[in-house]
Amino acid sequence: MKISLHTNRSVAGFFFCLVLVFLFLPDSAWALQSHGPPEGIYTHQMAHIFFFVSLLYLYRDLGHSSSKEQGWRYLRWFCLLMVSWNIVAFIGHAVTFLLASEYIADAGSFFHSRLLGPMNRTKFLFYVTRFDHLLVVPALYFLYLGLRSLHGQVKEAREVLENRESSA
Amino acid sequence: MSGLPLLPSILVDMIGSVADIFFAFLAMRYAYKLTRKQPENFLWGYLFYICIAISAFSISRAAGHLVKHFFLLSGNFDIWHTISPYTGGFNTLMLISVSAVTLFYHKGVQTHQIMEQKATKLADANRRLEEAALEMKELNFHLEEMNTHLEEKVRERTAELSRSEEKFRHLYSASKDMVYFCNTEQDITDINESGFEMLGYQPKEHSRLNLHDMFNTEGELDTFFAAMQLDGYIKDFEAEFRRKDGSVINVLLSATAIKDEQGNIVSCEGIAKDLTKVKTMMEQLAASEKMASVGQMAAGVAHEINTPLGIILGYAQLMMDDFEKDSEPYQNLQVIERQTKASRKIVADLLKFSRQTGSARENLSINEVLSDVVAVTEHNLSLDHIQVHLDLTDDLPPVVGDAEKLRQVFVNLINNAHHAMQKQGSGEIFIRTWFDSDTRQVVAQVRDTGHGIPEEVQARIFDPFFTTKPVGKGTGLGLSVSYGIIKDHGGIIELESPVTDHKTGKIIPGTAFRIRLSEAKDPEAVLESPCV
């Protein structure tokens with residue numbers, strides 16, 4: 001019951017903050033609001049935040065409510081990596097949004113595209129965050145490992161039960 | 001040209017996109033398997049939904065990236081710019097979906113836990129119910145088993161009780177001794193048939209019976225009560241019980257008091273054995289021993305007196321030759337001779353009583369002996385208006401004996417009957433013979449209708465010299481001699497006075513003598529008894 005109240009409070013807090021953002025950063029005060037070009041990236045970033053929060057939430061719940069078996073530990077690793085990926089992706093999207101359009105030169109071929117110099121912190125972040133798959137792939141790998149481990153446990157338990165029933 | 005090449009990131013993006021799809025689908029496959037193995041488990045369903053969302057997200061994102069790379073490589077920048085908002089929007093949609101599904105986990109798990117708890121409780125309740133049902137079943141089985149055993153035991157015990165009750169009931173009803181139960185008021189509450197028979201009551205009269213009525217003397221009753229109060233029982237107590245007709249029987253009584261928890265007597269039970277016959281037999285035995293000793297003494301005395309009497313008689317007869325017949329000395333000597341002969345007869349009778357005389361034994365018919373005796377005595381009896389009734393059973397077996405001595409016995413009995421009825425001026429004598437097949441004895445009975453013999457003298461009538469006749473009328477040796485002769489024959493002489501009629505059962509005044517002689521085993525034998 002304590003966990004339940006705490007959870008409800010956290011969700012309510014999150015939505016309250018979201019409402020405050022909408023209230024204090026109005027793009028238009030009209031009732032029928034038009035959606036300009038930056039709205040897509042905002043929505044996407046908010047989705048990352050939402051995913052980030054929900055993964056942290058899941059990470060905490062898995063630690064609290066699930067057993068300490070290997071499969072569940074793999075799932076927690078999945079959560080942590082995906083949380084990290086969300087951060088990286090969020091930053092990546094932000095720096096891409098901040099950079100000027102002439103930061104990439106294709107030199108006649110997409111494979112020969114280059115990040116134009118001179119390099120600064122924003123460009124560096126842009127470059128690094130483009131390797132986000134280095135987090136996503138391990139995360140999904142842990143998701144796979146976790147489910148495979150849980151499946152193996154269930155299968156083993158079932159076989160033991162069936163053997164016991166057949167011997168009885 | 002300065003800057004950094006983007007090729008590594010492009011390659012990582014392309015390979016990573018493929019890997020994303022691959023692992024997402026692998027994870028979804030195992031999640032699906034889990035849902036198949038345990039469909040009832042919410043968690044697997046939830047993980048399956050997450051995997052679906054992740055796979056969808058991976059496809060949207062990876063496919064978007066691959067399409068982007070495809071169009072950019074092929075130089076179709078315009079097309080990519082046209083569709084990129086759609087792939088980006090779809091990607092955002094999938095991201096939100098995954099987030100929503102992920103967020104749902106907590107509530108789902110909570111619901112699942114509540115359901116699991118309820119299911120566990122329900123399962124526990126079911127398990128307890130099953131256990132209770134099993135216990136009830138076992139209990140029921142045990143109860144049924146116990147019930148079955150109980151029924152069997154009840155049947156066995158009832159049968160045992162019935163057998164026991166039957167056994168004791170038979171012992172109670174078939175006992176030849178009196179068995180009785182009485183209450184604190186000394187009323188007889190239950191008594192067996194032998195008890196009724198012993199006391200001369202009918203079974204329906206038991207409500208009238210009381211210990212005060214049963215005991216002949218108050219002293220014995222007081223002794224009985226004192227023993228019951230003091231010891232709670234009395235054993236082998238010789239008492240006299242009074243019959244309904246007033247006659248008295250001798251009993252050997254054993255009784256036990258039944259007490260309640262406080263030690264108060266609530267009832268008593270007792271067994272009484274009729275000793276009347278035993279007592280009579282004991283008295284007869286004592287009399288018999290007395291008669292034997294008297295007989296021995298009489299024989300000795302007779303033997304000693306017989307010699308001087310013979311000498312007195314001889315000398316008296318010799319002296320009679322010396323005197324004239326009309327002379328006074330001669331008449332005096334005649335008196336001496338007569339009295340001496342009378343004395344010798346008495347001595348001879350004494351010898352007969354003590355069986356000191358010889359006798360010849362042969363097979364003879366009691367009926368013939370009695371006919372001879374009646375023929376001799378009938379005349380004298382008729383003079384005193386005494387009628388003789390002969391009731392002789394034909395085909396009686398012979399007995400072994402001395403006919404002369406048996407005649408003497410019956411003459412004595414008839415003479416006694418004659419004397420008993422002489423005063424009343426008339427009377428009847430019933431002579432009857434029969435064969436007692438139980439004892440294999442020939443019985444001859446001589447019964448008169450005289451005044452009978454008082455009970456107090458009945459025990460003495462066979463004593464030598466005992467007589468109720470006036471002085472000079474009898475010597476008191478008749479019945480003694482008869483007793484001696486019958487005993488010498490191995491028989492029994494019985495007295496009954498007054499007499500119980502064997503046909504009607506009524507009490508008749510008078511006296512009956514019964515002679516019992518054993519039937520002859522060898523009908524042709526003739527035995528000689530030594531003469532002393």
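B:Cys182 and B:Cys268 are both buried. In this predicted model, a disulfide joins the two, with an S to S distance of 2.5 Å. The search of the whole structure finds 1 disulfide over all chains. The link ties together distant parts of chain B: B:Cys182 sits in strand S2 (residues 178-183), B:Cys268 in strand S6 (residues 265-274), and 86 residues separate them. The link is right-handed, with 90° about the S-S bond.

B:Cys51 has a relative accessible area of 0%, so it counts as buried. A:Cys17 is partly exposed, at 45%.

H7(B) supplies the largest share, 12 residues. By type, the lining has 17 nonpolar, 10 polar and 14 charged residues.

The second largest pocket has a volume of about 1500 Å³. It is lined by 43 residues; nearest its centre are A:His93, A:Thr96, A:Arg130, B:Lys68 and B:Trp80. Both chains give elements with two or more lining residues, among them helix H3 (70-98) of chain A and helix H2 (42-73) of chain B. H3(B) gives the most, 10 residues. Here the lining divides into 17 nonpolar, 20 polar and 6 charged residues.

Note on methods
Residues are numbered from 1 along each chain as its sequence is written. Chains are lettered from A and ligands numbered from 1 in the order in which they are written. This is a predicted model: local features need pLDDT of at least 70, side-chain atom pairs count only at pLDDT 80 or more; totals for chains, interfaces and linings use all residues. Side-chain values use heavy atoms; hydrogens and water are left out. A disulfide is a pair of cysteine sulfur atoms within 2.5 Å. Helices (H or I, at least four residues) and strands (E, at least two) are DSSP runs, numbered from the N terminus. Buried means under 20% relative accessible area, exposed over 50%, partly exposed in between (1.4 Å probe, protein chains only). Ala, Val, Leu, Ile, Met, Phe, Trp, Tyr, Cys and Pro count as nonpolar, Asp, Glu, Lys and Arg as charged, and the others, Gly among them, as polar. On a 1 Å grid over the protein atoms alone, a cavity is a set of points where a 1.4 Å probe fits but cannot get out, and a pocket is an open set with protein on both sides within 12 Å along at least five of seven lines; lining residues have an atom within 4 Å of a point. Grid points are joined across faces, edges and corners, and a volume is the space filled by probe spheres set on the points.
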